[in-house]
Amino acid sequence: MPTTDVIELILDDHRRFEELFRGLRDRTSDRAKLLDELAHVLVGHAEAEESEVYSALRRYKGVDDHEVEHGAEEHAEGHVALLELMEVEDTDSEDWDEKLEELVKAINHHVDEEERTILNDARDNVADERRAELGTKFVSVRDERVKAGCGSIDHVRELVAQTKHRID
């Protein structure tokens, strides 16, 4: 039976990002298709974390509020890097490869910090039942956002415009 533990679900998405990055680095793959998939999963994941998970975790004493806020800031930075890659039309260009590496660096940095701080704190301080409830909400919102086209370049541009203040 698939897990509903929000921590495991977030970790599964993180591994999926890594898998998509490997495909995006491969010049023989359909990079445009993989980028579209990554954009949807990445944005849906971030939006679900911020609306369902981060807001709930702020209520727990053992979860560092600063780390939760920092996680949201890093989502904003990831959206900027994602948009910069999406705006490069030639997937075989040097510019595309450079923007991909900037995105990989931003996302991997966030994933590493989130796993070491927020998720470890949640594992230690949030009851299994609550993590399951959060997991169900997380998947529901993430999948709803993906179906709504959250990874479209227009939506990513809106996100960047809305969150510019977080990273300036």
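Buried residues are those with under 20% relative accessible area. The legends below refer to a predicted model.

**Figure 1. Salt bridge between Asp 5 and Arg 131.** In this predicted model, Arg 131 has a relative accessibility of 8% and therefore counts as buried. The closest N and O atoms of the pair are 2.7 Å apart.

**Figure 2. Network of salt bridges around Arg 131.** Asp 128 joins Asp 5 and Arg 131 in this network.

**Figure 3. Salt bridge between Glu 8 and Arg 123.** The two side chains meet at 3.4 Å, N to O. Because Glu 8 lies in helix H1 and Arg 123 in helix H4 (residues 94-125), the pair ties together parts that are 115 residues apart in sequence. Glu 8 is partly exposed, with a relative accessible area of 31%. Arg 123 also counts as partly exposed, at 34% relative accessibility.

**Figure 4. Salt bridge between Glu 37 and Arg 16.** The closest N and O atoms are 3.1 Å apart. Glu 37 is located in helix H2 (residues 31-57) and Arg 16 in helix H1, so placed that the pair links distant parts of the chain, 21 residues apart. Glu 37 counts as partly exposed at 31% relative accessibility, and Arg 16 is partly exposed with a relative accessible area of 34%.

**Figure 5. Salt bridges of the model as a whole.** The count comes to 17 salt bridges, including the pair Asp 5 and Arg 131.

Terms used
Residues are numbered from 1 along each chain as its sequence is written. This is a predicted model: local features need pLDDT of at least 70, side-chain atom pairs count only at pLDDT 80 or more; totals for chains, interfaces and linings use all residues. Side-chain values use heavy atoms; hydrogens and water are left out. A salt bridge is a side-chain nitrogen of Lys or Arg within 4 Å of a carboxyl oxygen of Asp or Glu. Buried means under 20% relative accessible area, exposed over 50%, partly exposed in between (1.4 Å probe, protein chains only). Helices (H or I, at least four residues) and strands (E, at least two) are DSSP runs, numbered from the N terminus.
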